[in-house]
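Hi,

Here is the structure I promised to pass on.

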Amino acid sequence: MTMTVSRRQALAAAAGAAALPLVHIRTAGAAGKLAVGFWDHWVPVGNVVMKKLVDAWAAKNKVEVTIDFITTVGNKLQLTYAAESQARTGHDALAFVLWDVRNYQSSLAPVDDVVEPLIKQYGQINPVIEYLSKIDGHWSAIPSSSGTQYKPACARLSFFKQAGFDPEVVYPAKPVHTTESDGWTWQKMLELAPKAKQAGLPFGLGLGQTTDSVDFVGALFRSFGAELVNAKGDITVDSDEVKAAIEYMARLVPHLPSDIYSYDDASNNRALISGKSALIFNPPSAWAVAVRDNRPVGADCWTFPNPSGPKGRFVPSLPFFWGIWKFAKNQSAAKELLGWLCEREQVETLCNAVSGYDIPPFLSMADFEIWAKVEPPLGTVYNYPIRPWHNSVPSIAGYPAPPEIAVQMYNRATLTTMIGKLTQAGQSMKQVIAWAKDELEGFSR
Amino acid sequence: MRRWLSRRSTVAFLMCLPLIVLIGGLVIYPACYAIWLAMLNKHMTRFVGFSNFAFLLRRDTFRLVVFQSCLFAVSAVMAKALIGFVLAHLLHAIPGGRQRVWRGLLLVPWVVPLALSTLGWWWLFDPSYSAFNWLLARVGIAPVPWLGATGWARFCMILVNTWYGAPFFMIMYLAALKSVPEQLFEAASIDGAGFWAKLRFVTLPMMRNIISITVLFSLIVTFADFTIIRILTNGGPRDTTHIFATYAFEVGIASGDIPLGASVSLFMLPILAFASIFILRGVARRDRDMAAA
Amino acid sequence: MSTAATAPSALPAHPRRVSSLARQRRWALWTSYGALSVFVVMFLVPPFYMLVTSLKTSAEISEQRVSPWIVGHPTLANFIDLITNANYESFFLNSVKVTLCVVVISMTISVFAAFALARMRFFGSSLLATGIFLTYLVPDSLLFIPFFRIIGELGLINNTWALVLIYPTFAVPFCTWIMIGYFSSIPKELDEAALIDGASWMQILFLVFIPVAMPGIIAATIFAFTVSWGQFLYPLAYLYSSDQMVLTVGIVSDLIRGDTFAWGKIMAGSLMAAAPPVVIYAFLMDYYIAGLTAGATKG
């Protein structure tokens with residue numbers, strides 16, 4: 001860190017006073033006090049390790065850091081940044097999730113001087129992260145690995161093997177691209193779904209209004225090339241691709257459990273852990289709890305990317321960020337600390353602590369050893385991060401619509417509601433499209 | 001000065017002062033602030049007048065929310081009032097000592113913190129682990145999507161609210177029943193009145209005020225309920241169980257449009273005010289009649 | 001009328017009517033017990049299920065091999081884990097602290113205001129008496145947003161004292177209303193007698209009204225206690241550190257991590273959180289009823 005600072009100082013001196021703040025210069029204000037609110041990781045050890053790292057940094061840099069771990073259960077974290085932005089007091093930096101960087105962008109301090117050097121050093125950043133936090137050319141938050149996750153498929157090997165599709169062979173725990181993986185399409189999934197239902201293990205794919213449901217449908221839509229709103233902001237819901245995606249879901253839903261419409265983020269976990277489902281789209285939290293509570297099921301799980309559609313393979317991504325308030329008293333120290341936490345060494349330490357649940361923001365960091373080591377079964381989460389040979393792209397529901405519209409589509413669960421209207425409420429495709437158009441027009445106001 | 005201080009009206013005013021300060025500072029001021037907030041745009045930079053309210057009235061989802069809130073409040077309050085009334089009568093018929101035990105048992109739903117008992121209910125309705133579905137499976141009935149189908153989800157939220165609120169009605173009505181003089185019932189019996197006649201001509205008139213007040217109080221509180229819906233269904237499936245408070249939270253906090261969330265909440269005020277004025281006027285009229293008689 | 005018609009032959013008919021009346025009463029009593037039992041079962045199903053779940057281990061809950069209504073291998077581990085957990089202890093203590101303070105503050109404000117409104121007149125007093133009820137029209141789901149600003153400016157975010165400040169907003173109106181009803185029912189002769197004896201208003205309040213109105217005061221206190229103990233939205237909005245949280249949000253935040261639920265512990269925690277109100281109700285129930293009897297019906 002010290003070496004890069006002095007290089008940066010030289011650069012800054014050379015560039016002169018008129019340079020944009022593309023580099024962070026360590027000022028005297030980096031001492032003093034700092035209050036940070038991190039996300040309360042569901043793996044308790046993650047918080048312990050985070051605290052250790054931060055305390056070590058604090059001791060070295062002579063900054064007094066107070067940490068709070070704030071949960072997202074009950075929208076606690078969202079309430080906290082709503083409260084602090086209203087009260088204009090509180091922590092110096094807080095964890096932010098998903099779209100909230102945009103929602104609170106006017107209160108967040110720009111952090112180009114932290115993020116740009118990181119990109120220079122580590123290469124491409126997850127495009128979803130850029131979409132969510134780079135606003136008008138400036139970064140409004142620092143990407144965090146703590147909490148950032150993908151939601152690929154997590155499936156029961158015993159069922160899939162006897163159905164003729166062996167995830168361990170198709171997505172092995174090796175840096176190899178198999179030809180069978182090209183055959184892992186939504187069509188293939190549609191073939192396997194009725195078999196799963198017959199075996200008493202229907203796929204636990206929720207159509208509720210929480211992120212798990214919205215995310216997988218978003219990835220599906222994107223793989224069909226279906227956009228409700230295009231990048232320019234035009235409402236393109238009345239298109240063949242959207243209809244194709246909805247029709248696909250209409251054919252899939254009869255093979256799914258009847259209560260998927262009430263699924264929240266934990267329902268698919270429970271479906272897997274109870275041994276009642278052969279496949280869910282979820283980060284490894286479900287597998288981890290299954291290993292603890294229902295080991296035969298847990299040792300039978302394998303994680304691998306989502307199926308592909310006509311326009312590609314997309315894996316839902318749920319990023320977390322660290323945002324520094326404009327009214328924070330010690331922005332300098334916050335930038336230092338959070339930038340340091342984004343370095344590979346710290347990211348790997350944190351990731352190892354949570355058994356690989358956290359996904360690093362930089363695609364080049366998808367090669368940590370932890371994912372090969374976690375078991376049972378060995379290699380179960382090897383294919384959890386997006387590996388270069390997966391030909392997958394991280395995605396988020398609503399992309400590529402302008403984020404102000406996409407955030408509402410995401411939070412109001414427009415995608416899953418559309419499908420529910422067709423499959424549960426029995427409306428016609430025309431009615432569904434008309435309803436969606438009306439909703440989207442409302443979002444565009 | 002001392003005379004002013006010892007004057008009756010001054011002492012009275014000073015005694016009421018904490019109440020006035022509490023209501024003025026922590027209810028009226030925030031309510032006005034909320035009204036002002038509801039008239040700002042999403043990023044809270046511009047004043048937009050009533051545009052938030054007009055926008056809401058045009059949305060299908062919001063109209064659904066209005067309908068659902070009224071459905072939820074009215075059905076739940078009617079169910080609670082009925083059950084509370086029946087229970088109060090049943091309890092009243094039992095001798096004192098035993099009555100205490102039964103009363104205690106029946107009060108449990110009211111006494112357990114609502115957020116926590118709702119979690120228990122939610123667990124009973126869970127798609128994968130529902131104990132109710134397990135019982136149904138034993139008698140060969142297919143599992144019910146308790147919180148997954150619109151009709152069932154609405155039924156469940158009314159059920160949980162009724163379960164929670166019926167003891168309150170029971171206690172209020174029991175207290176009111178106890179205060180009806182026995183002689184009235186005896187006189188009615190002597191006149192040959194049967195059970196239903198006694199109910200119509202003695203019980204209900206004597207209890208009308210307390211019934212009105214309890215119903216009004218419960219209507220207001222049920223209409224503004226947040227905890228039950230939030231934990232059970234969070235508005236799902238597809239917004240068919242959203243009521244004002246949960247929709248306001250969803251739109252305001254979860255989607256980051258605080259002014260719109262405030263506007264949704266404010267819609268409750270006129271509806272509740274209308275109901276209150278209507279019911280309170282009836283109570284006041286009866287009080288005047290009784291005082292004049 | 002029947003009585004007149006049977007009067008002449010009252011003597012021989014009398015024993016028959018008495019026994020049929022007794023039989024009728026007994027039959028009515030047993031039907032009451034029957035109906036009540038049905039209701040009790042329905043009311044107690046969820047708490048019973050919570051109890052059963054709290055005695056199971058995580059593994060047993062996930063397994064679903066036997067009936068979810070019985071416990072295969074009962075264990076007190078959930079309860080013990082919680083009691084020895086430092087977080088849970090602080091949640092409990094915070095709840096107690098907040099509730100006690102709020103009850104004291106609310107009762108003080110209510111008793112004084114109710115006394116003034118029931119007994120003394122001043123400009124706008126009758127308006128205030130009906131007006132306090134209307135404060136319930138402003139729901140907590142609306143108030144919690146402006147409260148962010150107010151609490152923030154007072155520097156009380158993430159502090160249990162913020163709760164002590166705002167809880168009275170929903171306890172005081174109802175308590176005041178009950179107390180007004182109760183105080184109004186106290187005969188005016190009592191305070192006239194005291195006034196003649198030269199007592200001041202404060203003395204009348206403390207020496208005459210409060211002792212006589214004790215059941216009503218207890219009823220209002222119990223109500224304030226129950227609603228403060230069970231509040232969820234306000235602590236959810238304003239508290240985020242474990243050392244400041246109260247029981248209701250503490251249980252939810254600590255035991256629900258990400259998308260994993262520790263159901264056994266959640267149920268155990270919920271039952272323990274329900275214990276103090278249940279105990280208080282068990283002992284003070286009679287006062288609650290008596291308090292509501294006079295206060296509510298005359299209100």
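**What turned up**

In chain A, β1(A), helix α2 (residues 44-61) and β2(A) form a right-handed β-α-β unit. Helices (H or I, at least four residues) and strands (E, at least two) are DSSP runs, numbered from the N terminus. Right-handed here is for a path from the first strand over the helix to the second that runs clockwise with the strands pointing away from the viewer.

Before going on: this is a predicted model, with local features needing pLDDT of at least 70 and side-chain atom pairs pLDDT 80 or more, while totals for chains, interfaces and linings use all residues. Residues count from 1 along each chain as its sequence is written, and chains are lettered from A and ligands numbered from 1 in the order written.

Strands β1 (residues 32-39) and β2 (residues 63-70) of chain A pair (DSSP finds at least two bridges) in the parallel sense over eight bridges. W39(A) sits opposite I70(A) of β2(A).

Next, where do chains B and C meet? The contact (C-beta atoms, placed from the backbone, within 7 Å) draws 76 residues from chain B and 78 residues from chain C. On the chain B side, helix α2 (residues 8-37) gives the most, with 18 residues. That side has 61 nonpolar, 11 polar and four charged residues (nonpolar: Ala, Val, Leu, Ile, Met, Phe, Trp, Tyr, Cys and Pro; charged: Asp, Glu, Lys and Arg; polar: the others, Gly among them).

Cheers

Notes
Two residues are in contact if their C-beta atoms, placed from the backbone, lie within 7 Å.
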